[in-house]
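Welcome, and thanks for taking a look at this one. Here is a short briefing to read alongside the model.

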Amino acid sequence: MAILVTGGAGYIGSHTVIELDKAGFDVVIVDNFSNSSPEVLNRLKTITGKDFPLYEGDILDRDFLVSVFEKENIDSVIHFAGFKAVGESVEKPLEYYHNNITGTLVLLDVMRQFNVKDIVFSSSATVYGMNNVVPFKEEMPTSATNPYGYTKVMLEQILNDVAFSDSDWSVTNLRYFNPIGAHESGLIGEAPNGIPNNLSPYITQVAVGKLEKLHIFGNDYDTPDGTCIRDFIHVNDLAAGHSAALNYLFNNENLGFDAINLGSEKGYSVLEILSNFEKAVGKEIPYVIDGRRAGDIAVCYADASKAKKLLNWEAKYTIEDMCRDSWNWQKKNPNGFKD
Ligand code: NAD
Ligand code: UD1
């Protein structure tokens, strides 16, 4: 029996494949490489010694997905495949709604056809919107401020409805906080296309000399140093959370829909992250203070007690580990997988 990992060549997916392999799961990957590189598979082989079955194709293509389910003995699905850039989603809402929502609908329909009804879904802390108070807890109301965020809010609703309609379904809906870091080998990591939107890859690209300086979006927030506070989580901890979620699905029947936060429960400000990166890199990283970025909230961190209770999972890596591993990946691969 195998676990189908959609988007398994991507940043979080590739780290999760290693973790699943370590835990003894057989893995089948589906990816169309729209935001990743086939080179990831070579790197995964160097790390694990395994050639994972890879089906190159689009989850929007029903016939393609059916052919994968016909060939492989799929037991459950971890669904990472989707677009994830907030700014781009504002410019290309139709592409985002189509890929993320239609893609998931096609996947769920094919799963139903093959009677595979266990799924772990990649949601995001973005669903807590602008109006909740930290720490964020799963029962809080969800909302969004951009099309990417709406795809997650809507998909959570869809998955909830599917689980409600048929008690054979078990949906573990994981809400990730801010993933950073990379595998300790430095062979895989986050490789954004173009100029990064997120803080960690922006900082490491300044440190490696690809970008001139960091632009800090606002230092007038109601926080101790005026910059925003986020809950950063090592991608290896996230990967372990997926393995724990699968065990939860296997050890329990008819779970219905569970939303579960995966975060460290610790908040670090943008300036604190910068200073931790400076220690990891061993030099100062230039920055300027700019105005606030639209849609940013001042403070975001998780209450992760539900993950501890249900999945027996908690984050282990420190902020020092995260900055060290992000930097190790960046300095060894200044141009991502193109090197
Ligand atoms: P990623 O872009 O690195 O990985 C996504 C993978 O899915 C890529 O390899 C891409 O080629 C593939 N893909 C996209 N659309 C596809 C399609 N239609 N058919 C087949 N493959 C397709 O992103 P990631 O950072 O690994 O994120 C994985 C998931 O986690 C996404 O759903 C994302 O929204 C969610 N998430 C990410 C973050 C984050 O900060 N990275 C935070 C919260 C949630
Ligand atoms: C962003 C997305 C969120 C998504 C998450 C993970 C927005 C508004 N939110 O979260 O939906 O789930 O990424 O992909 O885009 N910062 C700078 N300079 C930079 C980049 C970021 O100062 O060049 C600051 C931001 O203002 C923020 C913090 O760093 O305060 C973290 O930003 P980022 O890494 O983009 O993550 P989020 O905004 O938390």
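The notes below cover the ligand site, the salt bridges and the cysteines.

This is a predicted model. Its ligand 1 has 26 residues around it, and the protein buries 95% of the 820 Å² that the ligand exposes when taken alone. A search of the whole structure finds 19 salt bridges and 0 disulfides.

**Ligand 1 and its shell**

- By class, the shell holds 12 polar, 10 nonpolar and 4 charged residues.
- Three elements, α1 (11-22), β5 (118-124) and α6 (147-165), each contribute at least two residues to the shell, and β5 gives the most, with 3.
- The side chain of Ser36 places an N or O atom 2.7 Å from an oxygen atom of ligand 1.
- Backbone atoms take part too: a polar backbone atom of Tyr11 is 2.9 Å from a ligand oxygen, and a backbone N or O atom of Ser34 lies 3.0 Å from an oxygen of the ligand.

- Asp303 and Lys137 meet through their side chains at 3.6 Å, N to O. This pair spans 166 residues, linking the loop between β13 (287-290) and α10 (305-311), where Asp303 sits, to the loop between β5 and α6, which holds Lys137.
- Within that pair, Asp303 counts as buried because its relative accessible area is 14%, whereas Lys137, at 31%, is partly exposed.
- Arg230 and Asp296 form a salt bridge at 3.9 Å, N to O. Arg230 belongs to strand β9 (residues 229-230) and Asp296 to the loop between β13 and α10, 66 residues apart; both residues are buried.
- Asp258 pairs with Lys306, with the closest N and O atoms 3.9 Å apart.
- Asp258 is buried at 12% relative accessible area, while Lys306 is partly exposed at 26%.
- Arg62, Asp109 and Arg112 are joined into one network by salt bridges that share partners.

- Cys300 is in no disulfide either, its nearest cysteine sulfur being that of Cys228, 9.9 Å away.
- Both sites are covered: Cys323 is buried at 0% relative accessible area, and Cys300 is buried at 6%.

Key:
Residues are numbered from 1 along each chain as its sequence is written. Chains are lettered from A and ligands numbered from 1 in the order in which they are written. This is a predicted model: local features need pLDDT of at least 70, side-chain atom pairs count only at pLDDT 80 or more; totals for chains, interfaces and linings use all residues. Side-chain values use heavy atoms; hydrogens and water are left out. A disulfide is a pair of cysteine sulfur atoms within 2.5 Å. Buried means under 20% relative accessible area, exposed over 50%, partly exposed in between (1.4 Å probe, protein chains only). A residue is near a molecule or strand if one of its heavy atoms lies within 4 Å of it. A polar contact is a pair of N or O atoms within 3.5 Å; within protein, one must be able to donate a hydrogen and the other to accept it, and residues adjacent in sequence count only if both atoms are side-chain atoms. Accessible areas come from the Shrake-Rupley method with a 1.4 Å probe; for residues, only the protein chains shown count as cover. Helices (H or I, at least four residues) and strands (E, at least two) are DSSP runs, numbered from the N terminus. Ala, Val, Leu, Ile, Met, Phe, Trp, Tyr, Cys and Pro count as nonpolar, Asp, Glu, Lys and Arg as charged, and the others, Gly among them, as polar. A salt bridge is a side-chain nitrogen of Lys or Arg within 4 Å of a carboxyl oxygen of Asp or Glu.
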